[in-house]
Amino acid sequence: MRMTSTIRTRWSPQRNEATPQSRRAVRTAATVAAGALALSLTACGGSDDNSTGNTGQTEETTNSVNLPKLDGTSLEVAAVWTGTEQANFKKVLQEFENRTGAKVTFVPAQDPIINFIGSKVAGGQPPDIAMLPQPGAIKQAVDKGWAKPLGSDAVKELGENYSQGWQNIGKVGGKPYGVYYKAANKSLIWYNNQVFENAGASEPETWPDLLNTAQTVFDSGVTPFSIGAAEGWTLTDWFENVYLSQAGPEKYDQLAKHEIKWTDPSVKDALTTLAQVWGKPDWIAGGANGALQTDFPASVTQVFTGGDQPKAAMVAAGDFAQVNIPKSMKIGTDAKVFPFPAVGDNGPVVSGGDAAVILEDSKGSQALATWLASPDAASIQAKLGGYLSPNKNVPNSDYPNAVQQKIAKALIDAGDDFRFDMSDQAPQAFGGTPGKGEWKILQDFLKNPKDIAGTQAKLEAEAAAAYGN
């Protein structure tokens with residue numbers, strides 16, 4: 001779920017995988033990608049609605065992928081998705097059932113999903129496919145012997161539909177294991193347009209502009225920021241956007257692979273910058289304590305409810321936040337978005353994603369992976385909203401509003417030029433476990449943003465233990 005996509009879209013491949021793909025062969029032209037995103041978002045009109053599509057969506061899909069008949073086959077797919085996101089994905093699985101005759105059951109998983117999968121494997125009942133949100137989790141599943149390589153049909157779909165960079169991050173040791181079905185643009189800030197208009201605030205392009213905008217909104221009587229800090233990944237997204245823009249892509253890649261320490265001056269600079277927002281409790285809905293009790297969906301919803309006096313004016317959140325914006329708020333008119341402001345010379349472009357990984361190798365599971373790699377599958381969920389696919393053959397017109405169409409186009413146009421979410425590249429123990437590692441340390445930092453040196457020391461101690469270097 002932690003996708004960070006502003007289309008810098010997560011790269012810095014699999015962080016500690018020590019494989020060629022970790023080098024990502026995707027060297028980010030962050031300037032170009034961020035520039036493209038900025039242009040695309042500012043070009044969005046104001047007449048778009050927050051459509052979630054219709055229930056007959058599957059009947060409108062094309063048939064571009066060959067699938068076998070699987071009558072009598074039962075499959076399980078595990079993911080941490082809940083609510084609308086889960087419901088929309090089930091429509092994709094339903095179409096697979098319609099085409100093949102198989103029966104697919106969605107298995108709700110808990111974070112971290114790799115631990116959930118481990119318990120299922122230990123019990124002798126692993127799901128056939130798991131949707132893994134971190135490259136590090138894919139590598140861990142491979143190292144433990146749980147994951148099975150993709151077959152020729154799925155690999156063929158990947159080759160036809162994905163840029164090399166997206167193919168590479170699904171590989172371990174040069175072999176393809178993951179189909180990145182879902183991407184995320186995590187370098188975005190969504191805002192309540194009515195609040196901005198009432199305050200006379202404008203969309204910021206730089207970090208100082210963001211601080212000025214926040215002060216303008218605050219002076220108008222509305223709290224500037226909503227932060228869903230009950231989920232630590234929202235805080236890592238803030239850090240990664242600031243760090244990538246301020247320290248640059250080379251440092252970002254080094255920190256992602258723990259080639260430099262978290263006590264590096266560049267980390268101090270990023271935490272100091274974050275403290276300019278996190279250190280002002282009046283700027284955060286509920287203050288630090290309130291933010292730490294607010295989950296991600298609520299952090300989005302509270303920006304777009306309450307009329308012209310919502311709990312907060314804006315929220316840093318990926319494109320997927322759209323599913324949590326009330327349908328009464330039109331995207332592009334009432335709910336607007338701007339690229340995460342540039343802290344350094346260039347704006348950040350961070351992305352994330354979820355990959356389908358086969359745990360039980362069979363004709364059925366290979367067919368399902370092939371289906372998820374196809375534009376047919378992705379188009380179904382694209383039409384439902386709140387979803388972004390790295391599949392370059394999904395028609396841009398399938399996305400339900402102009403804002404999302406622009407975000408999707410910018411992602412595809414970026415090709416291999418992106419950076420993957422840093423915490424998703426880290427070992428799970430450091431970058432992806434609730435109540436531990438980077439998530440917990442940044443939650444503590446939100447409560448005490450003056451303790452920069454102590455925070456750095458804790459981050460380095462836990463990173464060293466997790467990376468083993």
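Tutor: Two strands count as paired when DSSP finds at least two bridges between them. Keep that in mind for this model, which is predicted.

Student: Which residue stands opposite V357 in β11?

Tutor: G178 stands opposite V357. G178 belongs to strand β6 (residues 178–185), which runs antiparallel to β11 and is joined to it by 7 bridges.

Student: How do strands in a sheet hold on to each other in general?

Tutor: Strands of a sheet pair through backbone hydrogen bonds, either parallel or antiparallel. Both senses occur around β11. Strand β3 (residues 129–132) is antiparallel to β11, with 4 bridges between them, and A130 has V357 as its bridge partner there. Strand β12 (residues 419–420) pairs with β11 in the parallel sense over 2 bridges.

Student: Which way do the residues of β11 point?

Tutor: First the general idea: in a regular strand the side chains alternate between the two faces of the sheet. In β11, V350, G352, D354, A356 and I358 point one way, while S351, G353, A355 and V357 point the other way.

Student: How many residues of strand β11 are buried?

Tutor: Of the 9 residues of β11 (residues 350–358), 9 are buried, so the strand is largely enclosed by the rest of the structure.

Student: In what order do the strands of the open sheet lie?

Tutor: The 4 strands of that sheet follow the order β8-β9-β7-β10, and their pairing is mixed. The edge strands are β8 (225–226) and β10 (335–339), each of which pairs on one side only. Within the sheet, β7 (residues 188–192) and β9 (residues 314–316) run antiparallel and are joined by 3 bridges. W190 stands opposite V315 in β9.

Student: Which residues of α11 are buried?

Tutor: The general idea is that an α-helix has 3.6 residues a turn, so residues three or four places apart point the same way. In α11 the buried residues are S266, V267, A270, L271, T273, L274, A275, V277 and W278. Among the elements covering them are α8, β8, α9 (233–247), α10 (249–256), α19 (437–447) and α20 (452–467).

Student: Is T213 buried or exposed?

Tutor: Compare its relative accessibility with the cut-off: under 20% is buried. T213 has 6%, so T213 counts as buried. T213 lies in helix α8 (residues 207–219). Its side chain reaches the backbone oxygen of S202 at 3.1 Å. Beyond four places in sequence, T213 touches F196, A201, S202, P204 and M314.

Student: How far apart are A429 and A463 in sequence and in space?

Tutor: These are two separate distances. A429 and A463 are 34 residues apart in sequence and 8.7 Å apart in space, C-alpha to C-alpha. A429 sits in helix α18 (residues 428–431). Leaving out residues up to four places away in sequence, A429 touches K436 and G437.

Student: What is the average pLDDT of the chain?

Tutor: The average is 88, and 87% of the residues score at least 70. Over residues 1–33 the pLDDT is below 50, and this stretch has 196 contacts in the model beyond near neighbours in sequence. Residues 42–59 also stay under 50, with 42 contacts beyond four places in sequence.

Notes
Residues numbered from 1 in each chain as written. Predicted model: local features only at pLDDT ≥ 70, side-chain atom pairs only at ≥ 80, totals over all residues. Heavy atoms only, no water. pLDDT = per-residue confidence, 0-100. Contact = heavy atoms within 4.5 Å. Buried < 20%, exposed > 50% of the residue type's maximum accessible area, 1.4 Å probe, protein only. Polar contact = N/O pair within 3.5 Å; in protein donor to acceptor, adjacent residues only side chain to side chain.
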